[in-house]
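Me: I have a model open and would like to learn how to read it, feature by feature. Where do we begin?

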Amino acid sequence: MIVAVAGKGGVGKTTVAALIIRSLLGRGLKPLLAVDADPNNCLYEKLGIEVGATLGGVREDSIHLKHEAPAGVAKRDILEMEVQSAITEGAGFDLVAMGRQEGPGCYCAVNNLLRSLLDRLAGGYQAVVIDNEAGMEHLSRRTNAGVDVMLFVCQPTRSSARTVVKLKELADSLDFRIGSEYVVLSCANGQPEAAVQAEIEGAGLETIGAVPEDDAVLRYESQDESLLKLPADSAAAAAVDQIVEKLIEGGRS
Ligand SMILES: Nc1ncnc2c1ncn2[C@@H]1O[C@H](COP(=O)(O)OP(=O)(O)OP(=O)(O)O)[C@@H](O)[C@H]1O
Ligand SMILES: [Mg+2]
């Protein structure tokens, strides 16, 4: 299962992604691949690991490799080694940070190679969780060609819901396979207002769950503690446990 988390800036995407990884690991699903697709690289902090090289760096390096690859060593092999070096190991999961997206010059050949290497890599994991940067435009240039589940993170306000509707329209217009799409309400205590719900449902989106505002999340963050360590009685962690249960049930049916 490949799950991607998307939404506008600051709505709680990375928190939701980290808690999904926590829930999947708690269900014994390992190894997992965490993909930090935000160039600002924040997911690793919430997972309590240090990040090293990024795939953006691999991409840059391989441009220079064009002229320097030793005879007899396929560029693909070198790239594969570099991709491996951009993977950080955590407990039960690996993390790969995408780093910078492609610049104005399009390194299509390298990107194609990276895409096929990543696809092959993803096959070795029980699940892949992708934390996206805010917005959606970059998805069409992303190095993975599709996802099974797209979670649009939305705060319980009409403006946040309208943004999610726009993101969904954009995502649907791209050449990017999406199995199913759901809204995750973030920092939502209780039922959202009817107008918010109407906005979401009007776009044909279903809300899969609401993650409440949870002091424990803030406390762990301020103490630089991994969100993977949140106990099951943390309100946010418990809510994401339920979301993951629904996703897994949905995947089976
Ligand atoms: N359920 C929650 N309870 C309490 N605080 C939360 C919760 N979810 C997110 N926050 C807080 O909101 C802030 C933004 O969250 P987060 O980094 O997950 O958002 P984001 O959408 O990934 O942001 P960005 O667009 O910058 O990547 C964080 O400081 C986080 O602690
Ligand atoms: Mg984030």
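Me: This is a predicted model. How far does a polar side-chain atom of Lys-46 lie from an oxygen atom of ligand 1?

Reply: For a polar contact, look for a pair of N or O atoms within 3.5 Å. Here the Lys-46 side chain places a polar atom 3.1 Å from a ligand 1 oxygen. The side chain of Thr-15 has an N or O atom 2.6 Å from an oxygen atom of ligand 1. Gly-12 uses its backbone: a polar atom there is 2.9 Å from an oxygen of the ligand.

Me: How much of the accessible area of ligand 1 does the protein cover?

Reply: The protein covers 78% of the 620 Å² of accessible area that ligand 1 has on its own. There are 18 residues around the ligand, and the closest are Lys-13, Thr-14, Thr-15, Asp-214 and Glu-221.

Me: Now a helix. Which residues of α6 are buried?

Reply: The general idea comes from the geometry of an α-helix: with 3.6 residues a turn, residues three or four places apart point the same way. In α6, the buried residues are Ser-160, Ala-161, Val-164, Val-165, Leu-167, Lys-168 and Ala-171. They lie on the same side of α6 because they cover an arc of only 165° around the axis. On the face turned away from that buried side are the exposed residues Lys-166, Glu-169 and Ser-173.

Me: What covers the buried residues of α6?

Reply: The cover includes strands β6 (146–154) and β7 (177–186), along with helix α7 (194–202).

Me: How does the span of α6 compare with the expected value?

Reply: Helix α6 runs over residues 158–173, 16 residues in total. Its first and last C-alpha atoms are 23 Å apart, close to the 22 Å expected at 1.5 Å a residue.

Me: Next, a strand residue. Is Leu-151 buried or exposed?

Reply: Buried means under 20% relative accessible area. Leu-151 has 0% relative accessibility, so this residue counts as buried. Its place is in strand β6. Leaving out residues up to four places away in sequence, Leu-151 touches Val-3, Ala-4, Val-5, Ala-6, Ile-20, Tyr-182, Val-184, Ile-208 and Leu-247. The C-alpha atoms of Leu-151 and Glu-181 are 5.9 Å apart, though 30 residues separate them along the chain.

Me: And the chain as a whole: how many helices and strands does it have?

Reply: The chain has 9 helices and 8 strands. Of its 253 residues, 51% are buried. Among contacts between residues at least 6 apart in sequence, 79% join residues at least 24 apart. The chain exposes about 11600 Å², with carbon and sulfur atoms supplying 48% of that area.

How values were computed: Residues numbered from 1 in each chain as written. Chains lettered and ligands numbered in written order. Predicted model: local features only at pLDDT ≥ 70, side-chain atom pairs only at ≥ 80, totals over all residues. Heavy atoms only, no water. Helix = DSSP H or I, 4+ residues; strand = E, 2+ residues; numbered from the N terminus. Expected span 1.5 Å × (residues − 1). Buried < 20%, exposed > 50% of the residue type's maximum accessible area, 1.4 Å probe, protein only. Arc of directions from axis to C-beta. Contact = heavy atoms within 4.5 Å. Near = heavy atom within 4 Å. Polar contact = N/O pair within 3.5 Å; in protein donor to acceptor, adjacent residues only side chain to side chain. Areas by Shrake-Rupley, 256 points an atom, 1.4 Å probe, with all protein chains shown as cover.
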